[in-house]
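Here's a quick tour of a protein model for anyone new to reading structures. Take a look at the picture, then work through the notes below.

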Amino acid sequence: MSYRRPPGLPIVDAMTPPVLVLAGPVARDEVSGLSDDVRALLHTSRARVVVCDVGGLGPPGLAAVDLLARLQLAARRAGGRIRLRDPDPALRALLDLVGLRFEVEGQVEEREPALGVQEAVEPGDPAV
């Protein structure tokens, strides 16, 4: 039995992750509702990632760190994770300071080498 590939490009079902926009300073009583939103987005979309747009979150502080940690925990318990979109550099520095690592849109994943990086050098290869 033989199989002939159909002409044209292969059909790919691209799945874009759902987005949760976090705007303004979030009050402590809103955190549980946002955690429920993350779980619901993971469940209804059947995605493994929820993108949290944190560009309008406001000045970074411990309240923002607490919120993101709780959202990540809720996502992990639901079998997924969150990815940050447009984080303020100060927020990223604060997250690093407290030891929380988040995937950020547009950032090279740790498992993938950056473009143009050679993993091994063979004897006799010219220097680049």
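## The quick version

The chain's secondary structure comes to three helices and four strands. Keep in mind that this is a predicted model. Starting at the N terminus, the elements go β-α-β-α-β-α-β. The chain has 128 residues, and buried ones make up 27% of them. If you take the contacts in the chain with a separation of 6 or more, 67% of them involve residues 24 or more positions apart.

**How two helices meet**

- Two packed helices are described by the angle between their axes and the distance between the axes.
- Here, helix H2 (residues 62–77) and helix H3 (residues 89–98) have axes that come within 10 Å and cross at roughly 70 degrees.
- Angles of 65 to 115 degrees count as roughly perpendicular, so that is the word for how H2 and H3 sit relative to each other.
- On the H2 side, the residues that meet H3 are Leu62, Ala64, Val65 and Leu68, and their partners in H3 are Leu91, Leu94, Leu95 and Val98.
- Sort the residues of this H2–H3 contact by class and you get eight nonpolar, no polar and no charged.

- Is Val54 buried or exposed? Its relative accessibility is 4%, and anything under 20% counts as buried, so Val54 is buried.
- Gly55 has 44% relative accessibility, so Gly55 counts as partly exposed.
- Setting aside residues up to four places away in sequence, Val54 touches Leu22, Leu68, Leu84, Arg85, Asp86, Pro87 and Leu91.
- Val54 and Leu91 are 37 residues apart along the chain, and their C-alpha atoms are separated by 9.4 Å.
- Gly55 and Val21 are 34 residues apart in sequence, with 8.4 Å from C-alpha to C-alpha.

**A buried serine in a helix**

- Ser35 is found in helix H1 (residues 31–45).
- With a relative accessible area of 8%, Ser35 is buried.
- Beyond its neighbours within four places in sequence, Ser35 is in contact with Arg70, Leu71 and Ala74.

- Rolling a probe the size of a water molecule over the atoms shows where empty space is left.
- How many cavities of 30 Å³ or more does a search of the whole structure find? The search finds one.
- The largest cavity has a volume of about 30 Å³.
- Val54 turns up again here: the largest cavity is lined by Val54, Leu57, Gly58, Pro59, Pro60, Ala64, Asp88 and Leu91.
- By class, that cavity lining has six nonpolar, one polar and one charged residues.
- Then there's the second largest pocket, with a volume of about 160 Å³.
- This pocket is lined by 13 residues, and the closest to its centre are Pro25, Val26, Ala63, Ala64 and Leu67.
- H2 supplies the largest share of the lining of the second largest pocket, with four residues.
- The lining of the second largest pocket divides into 10 nonpolar, one polar and two charged residues.

Terms used: Residues numbered from 1 in each chain as written. Predicted model: local features only at pLDDT ≥ 70, side-chain atom pairs only at ≥ 80, totals over all residues. Heavy atoms only, no water. 1 Å grid on protein atoms, 1.4 Å probe; cavity = no way out; pocket = protein on both sides within 12 Å on 5 of 7 lines; lining within 4 Å. Points joined across faces, edges and corners; volume = space filled by probe spheres on them. Helix = DSSP H or I, 4+ residues; strand = E, 2+ residues; numbered from the N terminus. Nonpolar A, V, L, I, M, F, W, Y, C, P; charged D, E, K, R; others polar. Axes fitted to C-alpha atoms, helices over the stretch in contact; angles between N-to-C directions. Parallel < 35°, antiparallel > 145°, perpendicular 65-115°, else oblique. Contact = heavy atoms within 4.5 Å. Buried < 20%, exposed > 50% of the residue type's maximum accessible area, 1.4 Å probe, protein only.
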